[in-house]
Amino acid sequence: MSLKREGKLTSSTDHLRDTQAARPPRTSNWLAFVSFAAVIAAQAYAILTSPADADMGHLQKIMYVHVPAAWMTFLSFFVVLVFSVRYLWRRQENDDLIAASAAEVGATFNGLTLMLGMIWGRPAWGVWWVWDARLTSTLVLFLIFVGYLALRAFTEDAQQKAQWSAAVGAIGALNVPIVYMSVKWWRTLHQPPSSPETLDPAYTLGLRINAIAMLLVLIYFIRRRYEIARLERAVEHMAEAAAMGGG
């Protein structure tokens, strides 16, 4: 017996092939090794070669994680936006899974950004948290995508889950430019975005190589989470087929 899904007849044998195809390739292991080795090397280079800041001392070097983490947050939610819109347009399951994977990884980087910002802000501002426009908009972004993940966790119907989360993901990602522009639109305690012209050359190379290393980690995390999501979805389809007497 076969199971009808999205206008196509698929058998439990098809889902078994999906499960086998979703197994992580060996390249994932290599990407994991390269990405995390790159982070260690980039951090070591940046910390050991850059001088202490005149005002904040070595605490300034937290930016080698904080700033790239914020950039990876933005990139993650750009992926969410693109694949959420693709899903709403094409109704392809893989687009939904990629968007969900990117949202999960993006929320992780978003949380890391907030945590490191608080650690940096305590000695710089004298408090752990202020309702600064940059911090508040970043927190709102985090809550939007925690809500996105909660929605997926508590919605049982796969098609409804995909449609609702795609709408939330597409709309929620629009908060990213608000976060980025917040220091320009409002008066904030947070410093304006750095650029090669405003950043001391002693820190520029270290920041750039750490951003590249973090990008490799981002790619690995999204790819690995997508592979797991495909496995999970294939198992769900096989369970549905078995429940209907498929074989």
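In the predicted model, the side chains of D95 and R90 form a salt bridge, with an N to O distance of 3.8 Å. R86 is partly exposed because its relative accessible area is 30%, which falls between the limits of 20% and 50%. The C-alpha atoms of R86 and A99 are 9.5 Å apart, and 13 residues separate the two in sequence.

A salt bridge also joins the side chains of D96 and R152, at 2.7 Å from N to O. D96 belongs to helix α4 and R152 to helix α5, so this pair ties together parts that lie 56 residues apart in sequence. Both D96 and R152 are buried. The pair is part of a network of salt bridges that links E93, D96, R152 and R233. In general, side chains of opposite charge can pair when their charged atoms come close. Another salt bridge is formed by E232 and R225, whose closest N and O atoms are 3.7 Å apart; E232 is partly exposed, with a relative accessible area of 39%. The structure holds nine salt bridges.

Helix α5, which contains R152, covers residues 133-154. At 1.5 Å a residue, its 22 residues should span 32 Å, and the C-alpha atoms at its ends are 31 Å apart, so the two values agree. At the N-terminal end, α5 is capped by D132, which places a side-chain oxygen 2.8 Å from the backbone nitrogen of R134. R134 is itself one of the buried residues of α5, and the others are L135, S137, T138, L141, F145, Y148 and R152. Residues three or four places apart in an α-helix point the same way, because there are 3.6 residues a turn. The buried residues of α5 pack against α3 (63-90), α4 (93-125), α6 (158-172), α7 (175-185) and α8 (201-243).

The protein as a whole has eight helices and two strands, arranged along the sequence in the pattern β-β-α-α-α-α-α-α-α-α. Of its 247 residues, 40% count as buried. Among contacts between residues at least 6 apart in sequence, 78% join residues at least 24 apart. The protein exposes about 13500 Å², and carbon and sulfur atoms supply 66% of that area.

Technical notes:
Residues numbered from 1 in each chain as written. Predicted model: local features only at pLDDT ≥ 70, side-chain atom pairs only at ≥ 80, totals over all residues. Heavy atoms only, no water. Helix = DSSP H or I, 4+ residues; strand = E, 2+ residues; numbered from the N terminus. Expected span 1.5 Å × (residues − 1). Buried < 20%, exposed > 50% of the residue type's maximum accessible area, 1.4 Å probe, protein only. Contact = heavy atoms within 4.5 Å. Polar contact = N/O pair within 3.5 Å; in protein donor to acceptor, adjacent residues only side chain to side chain. Areas by Shrake-Rupley, 256 points an atom, 1.4 Å probe, with all protein chains shown as cover. Salt bridge = Lys/Arg side-chain N within 4 Å of Asp/Glu carboxyl O.
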